[in-house]
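Biologist: Hi! Could you walk me through this model and its interfaces?
Modeller: Happy to, here it is.

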Amino acid sequence: MNQFSNLFSRRQFMRLVMKSMALLAFLQTGVLFWFVRKSRAATSLPEGYNPKDHKWCMSIDVRKCIGCGRCAAACKMENHVPPEPYYFRTWVERYEVHGTDEPIITSPNGGIDGFPPQNSSEEFEKSFYVPKLCNHCETSPCTQVCPTGATFVSPDGVVMIDYDYCIGCRFCIQACPFGCRFFNPETQTADKCNLCYHRITQGLLPACVEVCPVGARQFGDLKDPESKIHAFLAENQVDVLKPQLRTHPKVYYAGLDKAVK
Amino acid sequence: MIPPQIWRPLGILLAILLIYLGVRSFFVPATFYQYGHFRGNSLATIASRPVQYAGKKACMDCHDTIGEKPYHSKHKTVSCETCHGPSLGHVEDPSQLPSLKPTNKEWCARCHEANNARPKTFPQVVIARHYPDKDCMICHNSKKLEKKP
Amino acid sequence: MAPNINPAMMEALQHVKGYIFPNELELQWGILIVIYPYLTGLVAGAFILASLNRVFHIRQIEPIYRLSLLTALAFLVIAPLPLLFHLGHPERALEVIITPHLTSPMAMFGFVYAWYLMVVLLLEIWYDFRADIVGFSKTKTGWLGMVYRILTLGFMDTSEKSLAVDDKMGRIITIIGIPSAILLHGYVGFIFGSIKANPWWGTVLMPVIFIFSAIVSGIALMLVLYVVTGRARNTPIKTECMDAMGKFLFYALVFDFALESLDWFHRFYEAEESIDILVLLVSGKLLFSLVGVQLILGTLIPLTTLGLTQVLEIPKKPRKIMYFWSAILILIGIFAVRWNVVIGGQLFSKSFAGFTTYKPDLIGRESLLVGSILLIMPFIILWVLTRFLPPWRGVGKEISHSS
């Protein structure tokens, strides 16, 4: 058995290493190129729309909501949300409160089929409806944890998901304190309300705001001095959900009760 | 002189690192970092999804006098598509009717059934005790009830 | 809208207690995400045990030193698989290293894993086994011989001087490896610990608890493997090695238990917003897995048993049996820890007003079957590795690290 001090010369060795690295890189390139670098044919934002000119937000007046569920139904239709009763971009909750007790909260199919009449044998001193949706937080914890940059806060303040980039790890769904995200079984990505971005960039209202019969939901632009949101914020006692988590939600509630989760 | 048993394995690792750094930027999508840590193109992709609800303004372009009809006058502040469903198809091709034209009791009850959780000022009745055998539209779609809700 | 209703989910809807946000019915992280931290914990723990020998010169652990490294490698190689199976789009997984979002602990996974695999574990194993590799490259033929020859990287010197360099490099890498192992599993703890939305997860202690439960599980695993491989190969099981492992297992478990107790004590004392729902969780849905399996079976019984071995003069044979079965219970207990953290954190609603249910599928992508396969595979890989790079002395050149 011969003892070699060097099986290859340095040059031969370097060549071998370089060749195998190149082969590996080439193979990986083929896989990656197919999936990652899919630059689509140029789609562009609607004519004249500059994301940096807007800061979209929403206001909800809980005192006006009648719990008809038209908003939740319209959202599902507008955005092709899977019809099952556990995938919602927006939903309505009903609270029934007696004194300072813990409330009874229900949201049958997100409120889409309406709510059953009150159970009249129960004494509820107070009950009300609360629409819920993504709060499009300014310092959103969900975009902070996305490992790839598939969910993000757009320059116009909308928290969105890039369905072609999301790997479906569901970290964002865990990180959302409001339960507004879900895993879309058809796209196999995270999904949630995006303020009907395809509508608001064309000057339309989000579907839920459009169909609300009582105007409980209002849409606003914090950067637009003529937006009604400024009057809403000035004239009402306004609250946000879970303010102690400091996510700076941009859905402003008027008439929010302490019982609301 | 660094012995081969040190520089060879470390050299391989360094090569892997350099290849990663070199190859990585080739795979970053073209519009990434345009606005932030995401594909800038995705804004346009999302914004180009099809619209289903036309919006009240679009309805009013043709149906501007609808507010004078008895039933519709009371629902002037409500968007048309709240009851008539997503109707962009009808706006683009008027021969295609809006998706819904609900007239049955359940539809009206959805908003107007009496419920403790509804604001007290909102018009609501206990449907079971309010002319249960009659359809809502018999009275509420005629001029007879102009002075009542 | 005739939906493709999943009957299992509709069934789950019936079992909801209280109020959950409508999207929370389905658990997002299931059995696969329970298995992933279990595997990386074993990696980190096995490596830290090995480092006790290499860096802290605990001579008695020498017999399982090389086996620990191979065990760490076997488990590390399988570790990304549960993640890949869980992803909605595994074909896009490389995006995590192409455009890593640096504020995300999950994005750091790609780099921490690559670092640990390549710079720590593979290098360490190469330096420790190099003499054997050179030996095999001369004796083995065919494909196998080719593999060994490539692995020598063309450097065939096994003189004393050369081996001393190997030893020194191995030591340096192990020193780098200890914080790396802590980072490898600590970041998993941070993935949970960083979520302020979930009070069961979002605590500063989470990464620390993860690391120490990893160390406990790693030592327990090596103890079991030492006995199993010793029996399989019909070689004597050294008492002093078992004693050393038993001692470290005991003290690691004491510290781990102290940390968990601190977490609980702190929660009860502070009694902030989430305490009511968490108490309901622990006394209800998690009663069996937390109090039964994790606490009693996986912590208190082994603590008592191991404690007795430390305090009393127990003869060799029963002592070894006590070590072995404590280790088995601990391995089960640490799995329950991962289950309770991952599944437990998703059973209660973020409304703090209700619970959902979780029943893992028997078969399917995220199922008990796949989970069981993933738990068994590292042992198979370990077996293959021990054939390829036998960790036991007398096969290659003898190297002692204890000087």
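Modeller: Chain A has seven helices and 11 strands, where helices (H or I, at least four residues) and strands (E, at least two) are DSSP runs numbered from the N terminus. This is a predicted model, in which local features need pLDDT of at least 70, side-chain atom pairs count only at pLDDT 80 or more, and totals for chains, interfaces and linings use all residues. Residues are numbered from 1 along each chain as its sequence is written, chains are lettered from A and ligands numbered from 1 in the order in which they are written, and side-chain values use heavy atoms, with hydrogens and water left out.

Biologist: Thanks! What share of the residues of chain A count as buried?
Modeller: Of its 261 residues, 59% are buried, meaning under 20% relative accessible area with a 1.4 Å probe, protein chains only.

Biologist: And among contacts in chain A between residues at least 6 apart in sequence, what share join residues at least 24 apart?
Modeller: That share is 63%, with contact meaning heavy atoms within 4.5 Å.

Biologist: Switching to interfaces: how many residues of chain A are in contact with chain C?
Modeller: On the chain A side there are 62, and they touch 56 residues of chain C. About 5000 Å² is buried between the two chains, 59% of it from carbon and sulfur atoms; buried area is the accessible area (1.4 Å probe) that two parts lose on being put together, summed over both.

Biologist: Which residues of chain A lose the most area to chain C?
Modeller: Those are Y86(A), F171(A) and Q174(A), together 16% of what that side buries.

Biologist: How many salt bridges and polar contacts are there between chain A and chain C?
Modeller: Zero salt bridges, defined as a side-chain nitrogen of Lys or Arg within 4 Å of a carboxyl oxygen of Asp or Glu. For polar contacts, there are 29 residue pairs (both at pLDDT 80 or more). A polar contact is a pair of N or O atoms within 3.5 Å; within protein, one must be able to donate a hydrogen and the other to accept it, and residues adjacent in sequence count only if both atoms are side-chain atoms.

Methods:
Buried means under 20% relative accessible area, exposed over 50%, partly exposed in between (1.4 Å probe, protein chains only).
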